[in-house]
Amino acid sequence: MPNHRILVLYAHPAPHRSRINRRLADAARAIDGVLLHDLYETYPDFFIDVAHEQALAEQAELIVFLHPLRWYSMPSLLKEWVDAVLQPGWAYGPGATALRGKGYLLALTTGSGLDAYAAGERHGHPFDAFLPPFRQTAALCGMHWLAPHILHGANSANEEAVEAHVAAFRSRLEAWLRGDRHGA
Amino acid sequence: MEHSLLTNALIYLAAAVVAVPLAKRLGLGAVLGYLLAGMAIGPWGLKLIGDVETILHFSEFGVVLLLFLIGLELEPSRLWSLRRQIFGWGTAQVLLVAAALFGAALLVGVDWRVALIAALGLSLSSTAIALATLGERNLMGTPAGQAGFALLLFQDIAAIPMIALVPVLGVAVADSAHAGGWQNAARLAAVIAGVVIGGRYLVRPALRIIAKAGMREIFTAFALLLVIAISLLMQWVGMSMALGAFMAGVLLADSEYRHALETDLEPFKGLLLGLFFIAVGMSVDFGVFLAKPMIILGLVLGFLAIKLTVLFLLSFRFGIARGQRWLFAILLSQGGEFAFVVFGAAATARVFAPETGSLLVAVVALSMVSTPLLLLFHDKVLEPRYRGQNKREPDAIDDNEGHVIIAGFGRFGQIIGRLLNANRIKLTILDHDPDQIELLRRFGFKVFYGDATRIDLLTAAGAAKARALVLAIDDIDDSLALADAVREHFPDLPILARARNVTHMYQLMDRGVTIVERETFESALQLGRRALSQLGFGAYRAREAMLKFREHNKNSVDAVYPYYKDREQYVSMAKRARDELNAMFARDLKNIDNETDQGWD
């Protein structure tokens, strides 16, 4: 069992064509105490080893979902992970304490800029309107919701913006490992 | 006229071939057909055959084979669960029928010793007729069939003390032949123990060695040898041959060679049983009948009336459904083969005069002839009256109901078998490699030895009740032959087939098999996928690429199928395969890179 305190669930169906998520993943992987868990590499057939995943999650103090936004939600394999691993009695419901008190960080990229998320615009709603499913998943499992780490307009982001975003992600994870729950 | 073996065979076979289909056509049933054929060629018909006694004796081996085959169907545990029926109901039937006949005979003033022997002899029924009829009508699984079978089995046991009893009643015929009774008993016990132990530890390995030799006729020869040897052994210790054969059958019931033994002995049983019925037909002594027609008819009618009544009343105790009570009574109403033996022994022991003996034998023979006629009456008159009120009985549950048959259990079939087994699917496995079978049986699989392309083996393996057939044979010709046979005889049985190559796949598709997997295709794709991964493709991307190619290849194979059919007349096999490969490569290249370069983070 890896000796990690942060579990990053990285879900990207086409990592070879990713500019930003791949760099975020590489940055996380380089930090001691972080387990970068590449779901599409580990479970290409969508057959998830539930007991193994639960053990990884139990050991972590912070669980990070790292992925591009897909149809206002997570990539299908990460959704499969949620469906299969977050079992009643373990993750939620009577007697479930496995994830209680852990931190939960959503690290997202979106193709469109933030301005497309507004009434009357392309996506019809402000961006925060799409977060409740993530937020409530964490809440039901008793996890603390941290401010999400989001890069909007990933398709058109320039190098400086990407670099700054990756650096900020790195320092948030490092802050958590130092025990700074608020800086993370 | 002097007859050689071949001319005799010619006469029997011709009589059977003419009479039996005719009788079936007229709705009389096969048994009556044989009996009529026997009457026609016998001493009182066309006089083609003289030596009835010998033929009757010889053909009794058909009954022995019948009991052996029935034993094969009956595992010891099931036999044990029938013990109440066999011994309880069996004793009740023999004693009550014998008592009723004995009483009736005393009433009309027959000497008590004659009455006793006649009553005991006539209380037995004909195993051959009753079981053949049960089989012909597929009634073995019904309560009436089960009860009938149990009673017949007990009668086979009961006949032994009866035959022993006869000399006691007679004017002591030289008693020297039979030494102390305890010696006989000891010999009997020793032989039975020998059969039980030998059946377990000698016959099975012997069967395996012979099966391994791969010579069918030697396997058949061994099967016959086995039955004959056990029968003679049993006769030697004074037990019924049929009972001995039955015991041997039971001992081999859970053997992997059960189906193979069944299929090999079945034709012998059928022919010998037919011969037996012919012999019974021939033995009907019309001389005696013509001399005293009224007495004989009266005796037959009286006997049948008494036996039918007792059996009918007993059927209530046996829990037989309303609609089957008369059927049950009729099935067991006739006198049996043992009656001939008992009366023969009685005549020898001079319990009664030879005329009385031939009179009784005529009664038994006529009662045998009456059974098919009574059944006809039952079908035409009695049964329709019940049909309205009597709901259909539930089908007897077969052990194998809802199973899946796997034909061919080599490297390919095994994986399927283990997958299904792990998911609690009941399996029947057919294979022709004895080593394989031995190994698998050790792991608790139900494996049978035999050539799966034989339709009789499939029938014996329960193809009629199977949910699916997995055709995993590696030989292409055998695979196609089996597909043909199943399509013809079990059109509703779904086939899932393994194809050795694309042409084989097309040939299976020609036969209407829709679920076909090429044996190397999927595993080659998996290894190809691993190769892509090794070359730096992400696991998921490699999977996608593999799936895309797989889909594309399947479409290509389907697209080439009609083309294969058109050209199969004149293009050589090799040329065709090359063309297909060419076409596929061309299509592969046209395919693939249609990935779009859109919005990924």
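The points below describe a predicted model with chains A and B.

1. Conventions. Residues are numbered from 1 along each chain as its sequence is written, and chains are lettered from A and ligands numbered from 1 in the order in which they are written. Because this is a predicted model, local features need pLDDT of at least 70 and side-chain atom pairs count only at pLDDT 80 or more, while totals for chains, interfaces and linings use all residues.

2. Chain A, overall. Chain A has six helices and six strands; helices (H or I, at least four residues) and strands (E, at least two) are DSSP runs, numbered from the N terminus. Their order from the N terminus is β-α-β-α-α-β-α-β-α-β-β-α. Of the 184 residues in chain A, 32% are buried. A residue counts as buried if 20 or more other C-beta atoms lie within 10 Å of its own, exposed if 12 or fewer, and partly exposed in between, with C-beta atoms placed from the backbone. Among chain A contacts between residues at least 6 apart in sequence, 78% join residues at least 24 apart. Contact here means that the C-beta atoms of two residues, placed from the backbone, lie within 7 Å.

3. Chain B, overall. Chain B contains 25 helices and six strands. Buried residues account for 40% of its 601 residues. Among its contacts between residues at least 6 apart in sequence, 71% join residues at least 24 apart.

4. Positive phi in chain A. Most residues other than glycine have a negative phi. A:Trp71 has phi near 50°, a positive value in a residue other than glycine, and A:Tyr72 likewise has a positive phi, near 65°. A:Trp71 sits in the loop between strand S3 (62–68) and helix H4 (76–85) of chain A, and A:Tyr72 is found in the loop between S3 and H4 of chain A. A:Trp71 is exposed, with 7 other C-beta atoms within 10 Å, and A:Tyr72 is partly exposed, with 14.

5. The A–B interface. On chain A, 18 residues are in contact with eight residues of chain B. Helix H1 (20–29) and helix H2 (39–42) of chain A each supply at least two residues of the chain A side. By class, that side has eight nonpolar, six polar and four charged residues. In this count Ala, Val, Leu, Ile, Met, Phe, Trp, Tyr, Cys and Pro are nonpolar, Asp, Glu, Lys and Arg are charged, and the others, Gly among them, are polar.

6. Nonpolar cores. A nonpolar core is a set of buried Ala, Val, Leu, Ile, Met, Phe, Trp, Tyr and Cys residues joined through C-beta atoms within 7 Å. The largest has 170 residues, and B:Phe68 and B:Ala407 touch the most other members. A second, separate core of 45 residues includes A:Val64, A:Leu106, A:Ala107 and B:Tyr540. Beyond its neighbours within four places in sequence, B:Phe68 is in contact with B:Val227, B:Ala245, B:Phe246, B:Ala248, B:Gly249 and B:Leu265.

7. Helix H3 (residues 52–72) of chain B has 21 residues and should span 30 Å at 1.5 Å a residue; its end C-alpha atoms are 31 Å apart, which agrees. The expected span is 1.5 Å times one less than the number of residues. H3(B) is mostly covered, with 15 of its 21 residues buried. Helix H7 (residues 127–136) of chain B is largely enclosed by the rest of the structure, because eight of its 10 residues are buried. Among the buried residues of H7(B) are B:Thr127, B:Ile129, B:Leu131 and B:Leu134.

8. Parallel strands of chain B. Two strands pair if DSSP finds at least two bridges between them. Strand S1 (residues 404–407) pairs in the parallel sense with strand S4 (residues 468–471) over four bridges, both in chain B. B:Ile406 has B:Val470 as its bridge partner in S4(B), and B:Val404 has B:Ala468. Four bridges also join S1(B) to strand S2 (residues 427–431) of chain B, again parallel, with B:Ile405 opposite B:Thr428. S4(B) pairs in turn with strand S5 (residues 495–499) of chain B, parallel, over three bridges; there the bridge partner of B:Leu471 is B:Ala497.

9. Faces and crossovers. In a regular strand the side chains alternate between the two faces of the sheet. B:Val404 and B:Ile406 point one way from S1(B), B:Ile405 and B:Ala407 the other way, and all are buried. S1(B), helix H18 (residues 411–422) of chain B and S2(B) make a right-handed β-α-β unit. S4(B), helix H21 (residues 476–489) of chain B and S5(B) make a right-handed unit as well. Right-handed means that, with the strands pointing away from the viewer, the path from the first strand over the helix to the second runs clockwise.
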